[in-house]
Amino acid sequence: MPQSHIITAVDIGTDSIKTLVVKKNNGDSDLEVLDIIFTSSLGMRKGVVVNPDKVSKNLQNSIAEIREPLRQSFNGIYTNIGGNHLFVTSSHGLVSVSRADQKISREDINRVIQAAEVVNLPLNNEILETFPKEFIIDGQKGIKEPLGMRGLRLEVEILALCVFSPYLKNLTQAILDSNLQINDVIFSPLAAAQAVLTPQQKEVGVALIDIGAGATSLAVFEEGNLIHTAVFPLGSINITNDIAIGLRTEIDIAERIKKEFGSCLLQKNNKKEKIKIPQLKEPLVFSKKMLAEIIEARIEEILDLVNKDLKKISRQGLLPAGIVLTGGGAKLPKIVELTKKELKLPVRIGIPKGISGIEEDPTLATVCGLALRGAESDDDGHFSDIGKGAVKEVIGRIKKILKTFIP
Ligand SMILES: Nc1ncnc2c1ncn2[C@@H]1O[C@H](COP(=O)(O)OP(=O)(O)OP(=O)(O)O)[C@@H](O)[C@H]1O
Ligand SMILES: [Mg+2]
């Protein structure tokens, strides 16, 4: 099996590491699942690698579970970075078009993006990825693809996604210590977006909200571009902790209760319904109403943070394609109804597309998106001009990420 047809994606999350091995079959638009492995996470906090040794051990355990001969047939992983150290900033670049006939070349485009990437960042922060919002040719705004157009002056407006370098280093160290190569590092909600959003939704305006275990991530798209992103340090773990405190029980019991009986809103007909948890030293009895109130309060707090952020970018209640929910938190019953009520937008659960044989589970959105991004950049040499540029950019980015390890 040619190596380039096997793609390994690893979603390093706060709750679990999800490893997905897929195959790209010539002629098939969908990828095919070859193996999927879940390992409990250690060494992660709120979406960030805080203990590279522990993460590396878990990563090695996860990779060791990949079936043979598959394990031998991949050469690197596509993985993610998350956490609320990530932020976006806008920047502007300007260059003169180099060719005498004024035809804009790929080199001009690369140069103008590089010029825009000269951004004053806080100490120890660096750019992970840039997204051109629009190009401007001789003052004419709103150009998406300037390649081949003619002009004297080329400008670009970019959105730069920045990370706190020590956290990026922790992640790369964990991977390299596991004797794995890094093919690409992608911001978690952008990976999830790749698997669950359609180009049409991104065109008209949509927000992806990933409610993970340790963090909730937001990514907003419009006119096909990423226009905003944010990470809030609250997630499903906080709900479990709230249940443990509210019901005076242990964390693992609270986690079980959340998954078995949890809901974000109470249905009218089970207002008085009591739940009894047997098999404990002391029997635990509580009302469904109380449990739903605990969960609702925390989800409301998270959605309130999202709403304030949407307000900052003037998109509160104003995204025609609405909200798409992913991550383990999206599995809570009635989350769609509560989100609709809070954000006043259409809401649906993001089920990964483009990979045949995968479970319809919003928790798998990130790892599926990583595999899809991998398939795109691993495209067997059949790149369009834009694709070639993107691949060059990825290689440049990975070189930059790895450079921090070369003394
Ligand atoms: N059926 C369910 N109902 C409610 N919560 C659930 C359910 N299934 C999973 N969860 C919760 O989802 C969380 C795991 O989600 P996910 O796998 O998206 O997190 P992660 O990617 O590991 O974390 P992060 O993205 O924050 O780093 C856990 O806190 C778990 O309790
Ligand atoms: Mg996650």
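Biologist: Where is Pro69 found?
Modeller: Pro69 is found in the loop between α1 (52-64) and β6 (77-81). Helices (H or I, at least four residues) and strands (E, at least two) are DSSP runs, numbered from the N terminus. This is a predicted model, where local features need pLDDT of at least 70, side-chain atom pairs count only at pLDDT 80 or more, and totals for chains, interfaces and linings use all residues. Residues are numbered from 1 along each chain as its sequence is written, while chains are lettered from A and ligands numbered from 1 in the order in which they are written.

Biologist: OK. Which residue does a cis peptide bond join to Pro69?
Modeller: Glu68. Omega of that bond is about 0°.

Biologist: And Asn75, where does that sit?
Modeller: Asn75 is in the loop between α1 and β6.

Biologist: Is Asn75 buried or exposed?
Modeller: Exposed, because Asn75 has 11 other C-beta atoms within 10 Å. The cut-offs, with C-beta atoms placed from the backbone: 20 or more others within 10 Å is buried, 12 or fewer is exposed, and in between is partly exposed.

Biologist: How far apart are Asn75 and Thr8 in space?
Modeller: 8.5 Å, C-alpha to C-alpha. In sequence, Asn75 and Thr8 are 67 residues apart.

Biologist: Backbone next. What is the phi of Gln102?
Modeller: About 65°, which is positive although Gln102 is not a glycine. Gln102 lies in the loop between β7 (87-96) and α2 (106-116). It counts as partly exposed, because it has 15 C-beta neighbours inside 10 Å.

Biologist: What about phi of Asp138?
Modeller: Near 45°. Again, that is a positive value in a residue other than glycine. Look for Asp138 in the loop between β8 (125-137) and β9 (140-143). Its 13 C-beta neighbours inside 10 Å make it partly exposed.

Biologist: Switching to ligand 1. How many residues surround it?
Modeller: 25, with Gly13, Asp15, Gly212, Ser236 and Gly328 the closest. A residue is near a molecule or strand if its C-beta atom, placed from the backbone, lies within 6 Å of it.

Biologist: What's the shell like by class?
Modeller: 4 nonpolar, 16 polar and 5 charged residues. Ala, Val, Leu, Ile, Met, Phe, Trp, Tyr, Cys and Pro count as nonpolar, Asp, Glu, Lys and Arg as charged, and the others, Gly among them, as polar.

Biologist: Which helices each supply at least two residues of that shell?
Modeller: α6 (236-246) and α7 (251-261) do.

Biologist: At what angle do α6 and α7 pack?
Modeller: About 110°, with their axes 8 Å apart. Axes are lines fitted to C-alpha atoms, for helices over the stretch in contact, and angles run from 0 to 180 degrees between N-to-C directions. So α6 and α7 are roughly perpendicular to each other. Angles under 35 degrees count as roughly parallel, over 145 as roughly antiparallel, 65 to 115 as roughly perpendicular and the rest as oblique.

Biologist: Which residues make the contact?
Modeller: Ile239, Thr240, Ile243 and Ala244 of α6 meet Ile251, Ala254, Glu255, Ile257 and Lys258 of α7. Contact here is C-beta atoms, placed from the backbone, within 7 Å.

Biologist: Where is Ile335 placed?
Modeller: In helix α9. Ile335 counts as buried, because it has 24 C-beta neighbours inside 10 Å.

Biologist: What does Ile335 touch?
Modeller: Cys264, Ile299, Leu325, Gly329 and Ala330, not counting residues up to four places away in sequence.

Biologist: Last one. At what angle do α4 and α10 cross?
Modeller: Roughly 80°. The axes of helix α4 (residues 188-196) and helix α10 (residues 365-377) come within 7 Å. They are therefore roughly perpendicular to each other. By class, this contact has 9 nonpolar, 4 polar and 1 charged residues.

Conventions. Contact = placed C-beta atoms within 7 Å.
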